[in-house]
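Subject: Structure handover

Hello,

Here is the structure I am passing on to you. My notes on what was found in it follow below.

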Amino acid sequence: MLCDNCKKRQASIHITKIINGEKREVHLCEQCTSLEQIGDNVLNFKNFITNFTNLDDGLKKNYGQINEPACDHCGMTYEMFKKYGKFGCEHCYDAFEPMISPMIKRMQGKDVHIGKIVNNGGEDIRKKREIEELNQKLRIAVEKEAYEQAAVYRDMIKELSKEIEKKG
């Protein structure tokens, strides 16, 4: 998808803004991100990341300077991530997990990426995810010896599995 602003580069940043029930989608390349103005707010991806990461600065002030970890593979530090808004490599996610996990949870509501599901045709995927969640709940119920609840989860899993098999 091309950038809505310059119409030349691939859009890498996709924003959905809902104001008074009206949905507006904007697709921008990195170069045009800092130029885009939506309503009264200037959108700058680097500032967006910096604002979320600066919430942790209170820890440094209260407890002194914390030894800042660096990625073993590319050498990027957390301060560099805050400055540029990007990681240096895929290993940075593991290196900075304790610091970025709360930020991801604040932005997305969960700290585990579950991906997107299409509106039409994604029923089986939704059911498979529900089965995974029910299996986790089933294990926990058995560990707590809540066998009646475990039986309910087991029955729900069987029903969902049958529904998937009918379509397949």
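The chain has eight helices and four strands, where helices (H or I, at least four residues) and strands (E, at least two) are DSSP runs numbered from the N terminus. Read from the N terminus, the order of elements is β-β-α-β-β-α-α-α-α-α-α-α. The model is a predicted one: local features need pLDDT of at least 70, side-chain atom pairs count only at pLDDT 80 or more, and totals for chains, interfaces and linings use all residues. Residues are numbered from 1 along each chain as its sequence is written, and side-chain values use heavy atoms, with hydrogens and water left out.

Of the 168 residues in the chain, 25% count as buried. Buried means under 20% relative accessible area, exposed means over 50%, and partly exposed lies in between (1.4 Å probe, protein chains only). Among contacts in the chain with a separation of 6 or more, 31% come from residues 24 or more positions apart; contact means heavy atoms within 4.5 Å.

Cysteine 29 sits in the loop between S2 and helix H1 (30-33). Cysteine 29 is buried, as its relative accessible area is 1%. Leaving out residues up to four places away in sequence, cysteine 29 touches Cys3, Cys6, Arg9, Gln10, Ala11 and Ser12. For arginine 9, the separation from cysteine 29 is 20 residues in sequence and 6.1 Å in space, C-alpha to C-alpha.

Histidine 27 belongs to strand S2 (residues 22-28). Histidine 27 is also a buried residue, with a relative accessible area of 13%. Apart from neighbours within four places in sequence, the contacts of histidine 27 are Met1, Leu2, Cys3, Asp4, Ala11, Ile13 and His14.

Positive phi values

Lysine 7 is not a glycine, yet has a positive phi of about 60°. Lysine 7 lies in the segment before strand S1 (13-19) and counts as exposed, at 55% relative accessibility. Glutamate 145, also a residue other than glycine, has a positive phi near 60°. The loop between H7 and H8 holds glutamate 145, which is exposed with a relative accessible area of 56%.

Helix H6

Helix H6 (residues 97-108) has 12 residues and, at 1.5 Å a residue, should span 16 Å; the end C-alpha atoms are 15 Å apart, which agrees. The expected span is 1.5 Å times one less than the number of residues in the helix. The buried residues of H6 are Met99, Ile100, Ser101 and Met103.

Helices H7 and H8

Helix H7 (residues 123-143) packs with helix H8 (residues 147-167) at an angle of about 160°, and their axes are 9 Å apart. Axes are lines fitted to C-alpha atoms, for helices over the stretch in contact, and angles run from 0 to 180 degrees between N-to-C directions. The angle therefore makes H7 roughly antiparallel to H8 (under 35 degrees is roughly parallel, over 145 roughly antiparallel, 65 to 115 roughly perpendicular, and the rest oblique).

On the H7 side the contact includes Ile131, Leu134 and Leu138, and on the H8 side it includes Tyr153, Ile157 and Leu160. By class, the contact of H7 with H8 has 12 nonpolar, two polar and nine charged residues. Here Ala, Val, Leu, Ile, Met, Phe, Trp, Tyr, Cys and Pro count as nonpolar, Asp, Glu, Lys and Arg as charged, and the others, Gly among them, as polar.

Regards
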